[in-house]
Amino acid sequence: MALPSSDLGDGTYRNPVLDADWSDPDLLRVGDDYYLTASSFGRVPGLPLLHSRDLVNWTLVGHALQLLEPAKEFRRPRHDCGVWAPSLRHHDDRFWIFWGDPDQGIFQVNAPEIRGPWTRPHLVKQGKGLIDACPLWDDESGEAYLVHAWAKSRSGVKNRLTGHRMRPDGTGLLDEGKVIVDADRLPGWFTLEGPKLYRHDGWFWIFAPAGGVETGWQGVFRSRDFFGPYEERVVLEQGGTEVNGPHQGAWVRTQHGEDWFAHFQQRGPYGRVVHLQPMRWGHGGASGSSEAETGGGWPVLGDEGAPVAVHKKPDLPPQPPSAPATDDDFPGGRFGRQWQWTANPQDGWATQHSADGLRLTCVRTVDAHDLRKLPNVLTQRLPGIAATVEVELSLNSEDLGARAGLAVLGDAFSWIGLQRGEGGSVQLVHRFAESVAEREREGAHPVEAPGGRARLWIEIGAGARCRFFYDVGAGRQPSGQVFAATPWRWVGALLGLFALAPVGGGHAGAASFTQFRITATP
């Protein structure tokens, strides 16, 4: 099961079409099928792959990246690092994804089918601060190109786009690169990044956001030559709507000739949710130039450059309502595609068995006091709507201090679960840590949990304010104070399941989670 679709059932849809942290989306059509990928940062598996037939109803069909590389760099959580702003393309009967790791360089993977098998990451260009890479295979000239942006935090450079000629097989670059758009020379433009490169109507087009994640706008650049000079235009901005910073995404043309643009909106603890805008080609040149001089024809997004909230669906065959899965019965101990570890996983963290339920090993760690440091937290995205999360938990460990629980994880975190206490008892515990805290502390007084079992709930209200509840045999009870979910710098808050134990010798047992559900709150 999944949360509600954005399909309103009357031929229209509402935004966002993906109401969770599907950050920095890129979009592609192959035949009658549409595919989307997004930033996955330091979570594993990475590079999620979503599928749709109508651009409104989506399902998660897999991931292109099974391990982050270099593997040793991601043995521990690096929540805001890893995969930034991937680009998804189809060329030479293969799917290709390029992305920038701000600490390593530009990578690519490719596969004959969207479900794989995908190659291991190949480093196309090494360097610090190289982000938001996008390739183009130009059918008109036979040339291949690559454009990327810069992260000032690693390189000291930002607000510019660098272009390269690329080997047609995507394995490397053919030159040292040239700055093709320097937004420091454009009055009022800052934080230009996230380029997506296209060829259309004899022009090279770069769709690129600027102005910052929360309050920016969508720019479009065009030139007759890949290396410039480019002229620019703002094609989407907040205007009088409530959609702040509507930018960074992808243009796609349907099999019937309609144009659409998908982009994100930063929504604090919910991360970057995905909107779908109608798109058409207008006329007129950039400021200070005539249509005759420029060739006319600029994209017009949304409602004359402002985001739409509700709109007629694309002219595509009707599809049943769908959204990426959230619920899980963990058949045979296997978890669904919606789950990701907070770092590269190790064998034995989750064990398969003959029944239903997720069996997590109580991994021994020196960081039991801080979930943010644990690589073995199994997470999924926080829903962007009011919802109730629930799961059944059983702790099967005799080790003093062993614990397991359900968490809201971000720069601050809070969790509720079970812990083995003195004298062999099991207690229901609730703990939290503020952003500035180095270790967790009690969120409520412990309660005895007979049989080592509990039903756990988190009610997510407006503004991602979370309330925790439990049942250890005496009915549902509230626990602690309200907790406001908190994102990391670039990543929205997450829901997480975990099991751990203090440092010691031998196997520390396990915890079992069953019947995980997320239900929209009316």
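**A first look at this predicted model**

The protein has 522 residues, with 2 helices and 38 strands. Below is a short tour, from the overall picture to some individual residues and charged pairs.

**The overall picture**

- Along its principal axes, the C-alpha trace spans about 85 × 50 × 40 Å.
- The radius of gyration is 24 Å, which agrees with the value near 24 Å that a compact globule of 522 residues would have.
- Buried residues make up 61% of the 522 in the protein.
- Take the contacts with a separation of 6 or more: 58% of them are between residues 24 or more positions apart.
- The protein exposes about 20,200 Å², and carbon and sulfur atoms supply 48% of that area.
- As for charge, there are 52 positive and 62 negative side chains. The centres of these two sets lie 4 Å apart.

**Back to valine 472**

- Where does valine 472 lie? You'll find valine 472 in the loop between strand E35 (465-471) and strand E36 (477-484).
- Leaving aside residues up to four places away in sequence, valine 472 touches Leu428, Val447, Glu448, Ala449, Pro450, Arg453 and Ala454.
- Alanine 454 is 18 residues from valine 472 along the chain, and the C-alpha atoms of the two are separated by 4.8 Å.
- Another residue that valine 472 touches, Arg453, turns up again below as part of a network of salt bridges.

- Some background first: most residues other than glycine have a negative phi, and most peptide bonds are trans.
- Glutamate 69 and proline 70 are joined by a cis peptide bond, with omega about -5°. Proline 70 sits in the loop between strand E5 (59-65) and strand E6 (84-91).
- A cis bond also runs from glycine 228 to proline 229, where omega is near 5°. Proline 229 belongs to the loop between strand E16 (217-223) and strand E17 (231-236).
- Alanine 85 isn't a glycine, yet its phi is positive, at about 45°. This alanine 85 lies in strand E6.
- Is alanine 85 buried or exposed? Alanine 85 counts as buried, because its relative accessibility is 1% and the cut-off is under 20%.
- Threonine 191 has a positive phi too, near 50°. Its place is the loop between strand E13 (178-182) and strand E14 (196-200).
- Threonine 191 is also buried, since its relative accessible area is 17% and buried means under 20%.

**Charged pairs**

- In general, side chains of opposite charge can pair when their charged atoms come close.
- How many salt bridges does a search of the whole structure find? The search finds 29.
- One of these pairs is glutamate 304 with arginine 280, whose side chains meet at 2.6 Å, N to O. The pair links distant parts of the chain, 24 residues apart: glutamate 304 is in the loop between strand E21 (299-301) and strand E22 (310-312), while arginine 280 is in strand E20 (residues 272-281).
- Glutamate 304 counts as exposed at 59% relative accessibility, because exposed means over 50%. Arginine 280, at 40%, counts as partly exposed.

**The network around glutamate 392**

- Which residues are linked in a network of salt bridges? They are Glu390, Glu392, Arg453 and Arg455.
- Arginine 453 forms a salt bridge with glutamate 392, and their closest N and O atoms are 3.7 Å apart. Arginine 453 lies in strand E34 (residues 453-460) and glutamate 392 in strand E28 (residues 387-396), so the pair ties together parts that are 61 residues apart in sequence.
- Glutamate 392 also meets arginine 455 in a salt bridge, at 3.4 Å from N to O. This pair again links strand E28 with strand E34, its members being 63 residues apart.
- What about exposure? Glutamate 392 and arginine 455 are buried, whereas arginine 453, at 43% relative accessibility, counts as partly exposed.

Conventions: Residues are numbered from 1 along each chain as its sequence is written. This is a predicted model: local features need pLDDT of at least 70, side-chain atom pairs count only at pLDDT 80 or more; totals for chains, interfaces and linings use all residues. Side-chain values use heavy atoms; hydrogens and water are left out. Helices (H or I, at least four residues) and strands (E, at least two) are DSSP runs, numbered from the N terminus. Contact means heavy atoms within 4.5 Å. Buried means under 20% relative accessible area, exposed over 50%, partly exposed in between (1.4 Å probe, protein chains only). A salt bridge is a side-chain nitrogen of Lys or Arg within 4 Å of a carboxyl oxygen of Asp or Glu. The radius of gyration is taken over C-alpha atoms; the globule rule is 2.2 Å times the number of residues to the power 0.38. Accessible areas come from the Shrake-Rupley method with a 1.4 Å probe; for residues, only the protein chains shown count as cover. Lys and Arg count as positive and Asp and Glu as negative; His and the chain ends are not counted. The place of a charge is taken as NZ of Lys, CZ of Arg, CG of Asp or CD of Glu.
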